[in-house]
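The sequence and the structure are shown first, and the description follows.

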Amino acid sequence: MKLKNILISTTAVFLAVNALDATAKEIKLLNVSYDPTRELYQDYNTAFAKYWKDKSGDTVKIEQSHGGSGKQARAVIDGLEADVVTLALAYDVDAIAEKARLLPADWQKRLPNNSSPYTSTIVFLVRKGNPKGIKDWDDLVKPGIGIIPANPKTSGAARWTYLAAWGNALKKNGGDQAKAREFVAKFYKNVPVFDTGARGATTTFVQRGIGDVLVGWENEAILSLAESGKGEFEIVWPAFSILAEPPVTVVDKNAKRHGTEAVAKAYLEYLYTPEGQEIAAKRHYRPRNAEVAKKYAAEFPKLELFTIDEVFGGWQKAQKTHFSDGGVYDQIQQANR
Amino acid sequence: MKNLLKMTVAVVIGAQLGLSGALAQNQELDVKALLKRIEELEQKVKVQDRKRELGDEAAAEKARTASTVSIGPGGLQVQSADSNFVMRVRGGLQADGRFFASDSVANDTFLMRRVRPILEGTVFGKFDYRLMADFASGVTQTTANNGSILDAYINARLLPGFQIQAGKFKEPVGLERLQSWRNLLFVERGFPTQLVPNRDTGVMLHGGFWNNALYYQAGVFNGTADGGSSDFDANDGDKDFAGRLFVQPFKQTGVEALRGLGFGVAGTIGDHAGTPRTYVSDGAQRFFTYLTGTGVQPNVVGNGNTWRVTPQGYYYWGPFGVSGEYVISSQELRQAGGGAGAGSRAKFENIAWQVAGSYFLTGENNSFEPVSPRKSFNLANGDWGAWEITGRVGALDVDNAAFPIFANPAQSATRASSWGVGVNWHLNRNVKLQFNYVNTDFEGGDANPAISQPEHLFLTRAQFAF
């Protein structure tokens, strides 16, 4: 039997089987995200699945994976097949682009607002009646205050917290880096235990009753307040904090391999629609959309916020100076031991 | 005096009142300090507890995400935490003894029949691979086949019913050929295996339904002579198509007595050139050879269409098992050399069949797959492993039309028929001892001392496979 005839027959069978398979295929997306976005994306995924069904007729099933932002980025680099990542900070996405080359280096230009559809900031959650009288950053470094942040080596929220503390000290001390370092060293001296992620830190403070103040995501503080019952905790908004911009992007090579490029792109674009922004606001993230922001203005007090570019020259520089192995954070921790 | 007394009492009372006030104040301070101390200690305990909790979580996470290494009867295995990546190191050897009870030109000998290291596994959850080499006695290389490389393939498990396998592996034809070398009833496979392909290079679609109650295999291969292997098409550009359909109709039912029944049909079709294979006895004595030579001597080669068809089946129930297959191998040949019949072309149909059965005296459930002893051999505990008795009859019938132009009737037999009995002692899952007696009668080839009389053969095997 000639090979040509066999190949033609085999190809025909193969195509027929594939065609049958294609009609029965369900679209699956994996969203690899950071710690406190569980509730946000549970709501959002339901809304998007309905939107996509109405628009295309296809059923899309979105799986979620959550953990410390740095840890999640590492997992994607190591082979976790995320179609999209929605992480806590741009540096973690840069790491995926740089080390695994799964997306282009200029990924942040692909969506509005530096691919950050919602923002947040760093605030304080204290116990009922604010027994230690914590009102601003300076109160945190007083002797005997127990601060609960997460570990900046593994958590995005913790890195935002560190930079917020540093930026505040710089402002108070006229840009004196040495004094900022001294302040941050005192800050971490008051930390009794480190969790790997923001959700773990919340558990430590809220459920385990450890420490006097949880320093972390605003959205996580509001959620804790809502879930713990009235009066158990209070939020203290410092006068000055950092504008945290959690980014989102398609992981191009994974999405291409899975055949999910179009739906992954639409999934992230839908975050910018009024519907997506409303869901983010309901889950305590500051929306970008002016109309939605106005509607939820009461939940988000106006603060003086600085950006990482303004004070630290961007994530790459901040990461290298402060969080790389042997960087300032490691030096501070070494000295504090 | 009275006034002095009053004053004294007043001073004493006043002093006492002042003292008790100071005392109360001090006590209150002590309680506050104590409460503060308790609170601090409570925080310390909570912090220690949380640190322990985080340590446990980290350890659990590490265990969940860590690769595992295990070793057991199935070999050495390394597996990623999500099971998507697996690598197994396996292998085995068969140390045989071959002893002729009758006069024979062949020597009694010990030999290493198989020495096979195996590396196999899975990547990305659905892609299996297998590399198996053989360094045994008599493994030789030809222009078409690197004899040392037996299996070298990848298999993509796209769906349970739709898998693609590519590389070098067994063609899906002969029943006993498809049975693993570690699980053979007899030391040597029977006659039907000599008429079907061994390992060939190609690509195959295959898959099973209803827990493999229905299994299909269909592939395109280089094409190889009866019993031969190939990893390069040295003789022609034509390809063989091979297919097999096997059903176990009661596998998924509650009819216990019939669940081990399976039957099917397989075959190949294609055009072949090149030298046809010879046929041998269990004692490795050639009993049929097509004429081969150079120059003016006759030389037989393949000359076109070759097809094979083989109905096959087995039945296992409790300790009893029986299997059988029947093979017709048709091939067009040409006497391409000189001498008598030069240029003659003809089409021959050679036939082989066998029925083989076994019974586990120790009660194990018989199977086409490897059988594990109920109790591994342990002299101290009085455990003797599994004991299996075996029997087999079969024959290979060469088309009479092959004589005398294509084969020499004085040197080659037109038929070989044999019967054999044996005992298999499975000491454990890895170690098996086999003892066979096989009697083979030949028709024809009277001038060939190897087959001019029946072959009475004792075969022994010590097998270690993991």
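In chain A, four strands are arranged as an open sheet in the order β2-β1-β3-β10, and the pairing is mixed. The outer positions belong to β2 (60-67) and β10 (248-250) of chain A, each of which pairs on one side only. Ignoring direction, neighbouring strands of this sheet are turned by 20° against each other on average. Helices (H or I, at least four residues) and strands (E, at least two) are DSSP runs, numbered from the N terminus, and two strands count as paired if DSSP finds at least two bridges between them.

The model is predicted: local features need pLDDT of at least 70 and side-chain atom pairs count only at pLDDT 80 or more, while totals for chains, interfaces and linings use all residues. Residues are numbered from 1 along each chain as its sequence is written, chains are lettered from A and ligands numbered from 1 in the order in which they are written, and side-chain values use heavy atoms, with hydrogens and water left out.

**Two sheets of chain A**

Within the sheet described above, strand β1 (residues 27-34) and strand β3 (residues 84-86) of chain A run parallel and are joined by 3 bridges. Here A:Ser33 is placed opposite A:Thr86 of β3(A). Helix α2(A) packs on this sheet and touches β1, β2, β3 and β10 of chain A, its direction making about 165° with that of β2(A). Contact means heavy atoms within 4.5 Å; axes are lines fitted to C-alpha atoms, for helices over the stretch in contact, and angles run from 0 to 180 degrees between N-to-C directions.

Another open sheet of 4 strands in chain A has the order β6-β7-β5-β8, again with mixed pairing. Its edge strands are β6 (147-148) and β8 (233-236) of chain A. Helix α9 (residues 198-207) of chain A lies across β5, β6, β7 (213-217) and β8 of chain A, and runs at about 160° to β7(A).

**Antiparallel strand pairs**

| Strand pair | Bridges | A bridge between residues |
|---|---|---|
| β5 (122-127) and β8 of chain A | 4 bridges | A:Val126 and A:Glu234 |
| β1 (68-72) and β2 (75-79) of chain B | 5 bridges | B:Thr68 and B:Gln79 |
| β2 and β3 (86-100) of chain B | 4 bridges | B:Gln79 and B:Val86 |

In chain B, a hairpin of 2 residues joins β1(B) to β2(B). Strands β2(B) and β3(B) form a hairpin with 6 residues between them, and B:Ser83 in that turn has a positive phi of about 65°.

**Domains of chain A and their interface**

Chain A is divided into domain 1 (3-118 + 246-299) and domain 2 (122-242 + 307-336); these bounds come from an automatic or database domain assignment. The centres of the two domains, taken over C-alpha atoms, are separated by 30 Å. On each side of the interface 21 residues are in contact with the other domain.

About 1700 Å² is buried between the domains of chain A, with carbon and sulfur atoms giving 56% of that area. Buried area is the accessible area (1.4 Å probe) that two parts lose on being put together, summed over both. A:Leu89, A:Tyr91 and A:His284 supply 33% of the area that domain 1 of chain A buries against domain 2, more than any other three residues.

Across this interface the rule finds 3 salt bridges, a salt bridge being a side-chain nitrogen of Lys or Arg within 4 Å of a carboxyl oxygen of Asp or Glu. On the domain 1 side, the elements of chain A that give two or more residues are α2 (38-56), α3 (69-77) and α4 (90-100). Of these, α4(A) gives the most, with 4 residues.

**Salt bridges and local geometry**

Side chains of opposite charge can pair when their charged atoms come close. Over all chains the structure holds 41 salt bridges. In one of them, A:Lys171 and A:Glu304 have their closest N and O atoms 3.0 Å apart. A:Lys171 lies in helix α7 (residues 156-172) and A:Glu304 in strand β12 (residues 304-306) of chain A, so the pair ties together parts that are 133 residues apart in sequence. The side chains of A:Asp92 and A:Arg159 also meet in a salt bridge, at 3.4 Å from N to O.

A cis peptide bond, with omega about 0°, joins B:Phe403 and B:Pro404. B:Pro404 is located in the loop between β17 (386-397) and β18 (413-426) of chain B. In chain A, A:Asn114 has a positive phi near 55° although this residue is not glycine, and A:Asn114 is placed in helix α5 (residues 112-115).
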